[in-house]
Amino acid sequence: MQLVLLVAAVLVPCAVLVALSVRIIGQERELRVKRQADEQQQIVVRARDALLAALKPILLDEVRVDLRLGQAYRHPETVFVGWAEEDRLVLPWEPERDQAARNCRELISQPGFEPAISACEQLGNQPHELSLTTGCYERAVAAASHPQQAAYARWLLAQALDAAGGRPEQAAQLFRGLLDEGPEVTDADGIPLGLHAARVLLQGGAADGRIFSRVERDLAARPWLPPMSSFVVTEIAERLARAAKNPEEKRAAEELTRKAAALVRLLQQAEALQNDFPRLRAVLSRPQPSWVTYGDEVWLVGAAGPQGTAIVVVRGQDVFGRLAATGVTRFADSRDPGGELLGEAFPGLKVVMASNGSFIEDPAGDLQRRAFYAALLLVVLVTMFAAYLLWRDLKREMRSSELRAQFVSSVSHELKTPLTAIRMFAETLQLGRCGGPETQSDYLGTIVNECERLSRLVDGVLLFSKAEQGKKTWRFRPVELADALQAAVRALEYPLSQQGFQLHMAIEDNLPRIAADRDALEQAILNLLSNAIKYSGDARDIDLSLYRENGEVVVKVTDHGIGIAPEEHARIFEKFYRAAARENQFIPGTGLGLALVAQIVKAHGGRVTVDSAVGKGSTFYLRFPVEHAGEEGAPGPRPPTPEPRGR
Ligand code: ADP
C-alpha cells in the first residue's frame, strides 16, 4: 500500500513531467525543422527568380545582335548565340566560316583572276627558274581586282618563294604583309591568311610583336573562333611561348596559350552540345522560359526568338556569381547529393545552401536544450532521492511503530508475570494456608525477589527513557568496577540459585578505578547477566570476568546458551529489537536491555561488543578506557577525581 502511495505521489508525476518535457522538446525540434525547410524553400524561390531576372535581358539582347554586322555580344556572360534548324544546332562560326570560304572561292574563280592563278599553278608543277614562278604570281597580284584576290595571290607567291628557299627575305616580307590582313581575308577553308602567315613565320624562327598582336587581335575580335582557326591559334601561341626571349614575353605568350586552350575547350563543349541538342530541344521549346544546364564548365542554354530558334548560351559561373546575396552557397547539377532543385525553369539545376539541405543544429538552442535536459535530470534525481528518503523513513517509521507495539505488549507481559506471582504468594500467606515457617519464609523470599524484578524492570525503562530524551544526568565518580560487578551479582543471587546456575567469577587484582555513574554501570552489568540467565537454554554455567586489556578495563559476560545469529549482532543493540529466533519467542523481554547497555557504555566513553554463534552461547564485552573519570553531576565524561579506594 505504502509502495502504491509512493509511486502515485512521486514517481507518476515525475514520469509525467519527463514525458511532457520530451514531447515539448520534440515538438520544438519539429517546428525548427519545418521552419528551416520553409526558409530553404524561400531561398530556392529567390534564387530561381534572381536567375531568371539575370538571364532575361541577356536572352533578349543577344538575339538582336547581328554578328554579320560586326557587332559584339552585349553581355560578358554570353558564350555564343546559335540557331536551331529543326533538331540541329547551328554554331555561329559555321556560317561565318562557310561564308568566308565561299567568298574566297568565288573571288578566286572570277574570270579576270582565275586564269592567272591557274597558269602559275601549272608552272609550279614543272622544273624551271624560280623567277618564272615569282613573275607569274606577281602578274596574278597585278591582275587582282579585289583586295582578297591580291592577298591570295601574295600568299601563293610567298609560299612559292618559301618552298624554293631562294629569296627568304622577300618571302618573309610577303608573309609579314599578310599579318595585317583582316580576319575576313581567308583561304578556301575559311582560315584567315594572316594566321597562316603568322604560323609560317614562326616555323621559320621569326617571333616578334607583330605576330603576337596579330593573334591577339583575332582572339579579341569575338568570344570564339572557328575550329580550324582555333587550332592554328593554339599552335601559334605555343610556338610563341617557346620562342619567348624574356619573362615578360613568356608571360604574355602563356596567357595567349591559356586563351587559345579555353577557346578549344569552348569549341569542344559546343560540339558536344550540338550532338546532344536533339535531346535538349524538347525542354527548350517549352512555352515557359526554361534554361538547360550543360557541360562541366556549366553553361545555361536558353531559347528565344520565333519558335525558340535562337539558342543563347551563357556562362553559368558568371551569372551564379551575381546571386550570392540570395543565400545560395553554390549551384550544382542533379548528380550532387545535396541541394534543392530549382524547379521547372531550370531542369536538373540545384542550389546548395548554407544548411546543405539538411537539418542544422542551432548552437544556442542546443545549449538551451542541454541545460533543460540537465535541469530535468536534476529534478528527476532529486525527486528520486527524496522518494528514497521518504521510503526509508516510512519503513523506519513502520518498523518503529511495530517495535513500539511489541514493546508495549512485552512490558505488559513482563509486569504481569511478577505481579501475578506476588499476588498469588501474598494471598496464600494471607489465608494462612502455607505450612511451616520455612515455607512462609520461602514465599516471602519469592515475593521480595519478584518485587526486585519489577523495580529493575521499571528502573531500566525509566533510565532508558531519560537517556533517550537526553535528560539523564550521569553522576560520574571514580568507581571500583569490581564493586559494581558484585552488586549486580548480589541482585541476581536469588534467580541464579533458584534456576540452578553456576556463576564463575574471575576478577583481576589491582584494577584501576574508572570515572563512572555506578548505578548505571550496575544496571548495565545486571542487564547482561539477566540476558545470560534468560538465553542460557539448558546450559547452567555463566562466566563473569573483569580484567585489564590494552589500556581498558573489560567486563566480560559469557553464557553457553542459544547464541545469536551473526546478521543480528549489530541490531540487538537497537531499541525494542528482539532477535527473530524461534526460541526467543517464548522468552519474555522488552528489547530495551541491550539498548540501555549501549547507551550507558557510550556515556562512559566505552564500547560494547558481542561475540556469539547460534547454539554455542554468547559473550558480551563492556570496555571502559582506564584514564576515563568524571565529577559528580557532570553531564558527560570528565577526568577522574581522586577518592578513597573501596568506598
Ligand atoms: P530482551 O528484553 O528481549 O532481552 P535485550 O535488548 O536485552 O532485550 O536483548 C535484545 C535481544 O538480543 C534479545 O531479544 C535476544 O534475542 C538477544 N540477546 C541478548 N542477550 C542474549 C544472550 N545472552 N544470548 C542470546 N541472545 C541474546
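**Close-ups of a predicted model**

View 1. A506 sits opposite S545 of strand β12. This is a predicted model, where local features need pLDDT of at least 70, side-chain atom pairs count only at pLDDT 80 or more, and totals for chains, interfaces and linings use all residues. Residues are numbered from 1 along each chain as its sequence is written, and side-chain values use heavy atoms, with hydrogens and water left out. Six bridges pair β10 (residues 502–507) with β12 (residues 541–549) in the parallel sense. Two strands count as paired if DSSP finds at least two bridges between them; strands are DSSP runs of E with at least two residues, helices are runs of H or I with at least four, and both are numbered from the N terminus.

**View 2. S545 again, now looking at β13.** The bridge partner of S545 in β13 is K556. Strands β12 and β13 (residues 552–559) run antiparallel and are joined by eight bridges. Two residues lie between the strands of this hairpin, and N550 takes a positive phi near 45 degrees there.

View 3. The ligand has 20 residues around it, and the closest are Y535, D559, R578, N584 and L594; a residue counts as near if one of its heavy atoms lies within 4 Å. The shell splits into nine nonpolar, eight polar and three charged residues. Nonpolar here means Ala, Val, Leu, Ile, Met, Phe, Trp, Tyr, Cys and Pro, charged means Asp, Glu, Lys and Arg, and the others, Gly among them, are polar. At least two shell residues come from each of α16 (518–534), α17 (593–603) and β15 (617–625).

View 4. A polar backbone atom of L594 is 2.8 Å from a ligand oxygen, and one of A579 is 3.3 Å from a ligand oxygen. S618 brings a polar side-chain atom to 3.4 Å from a ligand nitrogen. On its own the ligand exposes 520 Å², and the protein buries 98% of that (accessible areas by the Shrake-Rupley method with a 1.4 Å probe).

View 5. R154 pairs with E181, with the closest N and O atoms 3.1 Å apart. A salt bridge puts a side-chain nitrogen of Lys or Arg within 4 Å of a carboxyl oxygen of Asp or Glu. R154 belongs to helix α5 (residues 147–164), while E181 is in the loop between α6 (168–179) and α7 (193–203), 27 residues apart. The structure holds 25 salt bridges.

Notes
Polar contact = N/O pair within 3.5 Å; in protein donor to acceptor, adjacent residues only side chain to side chain.
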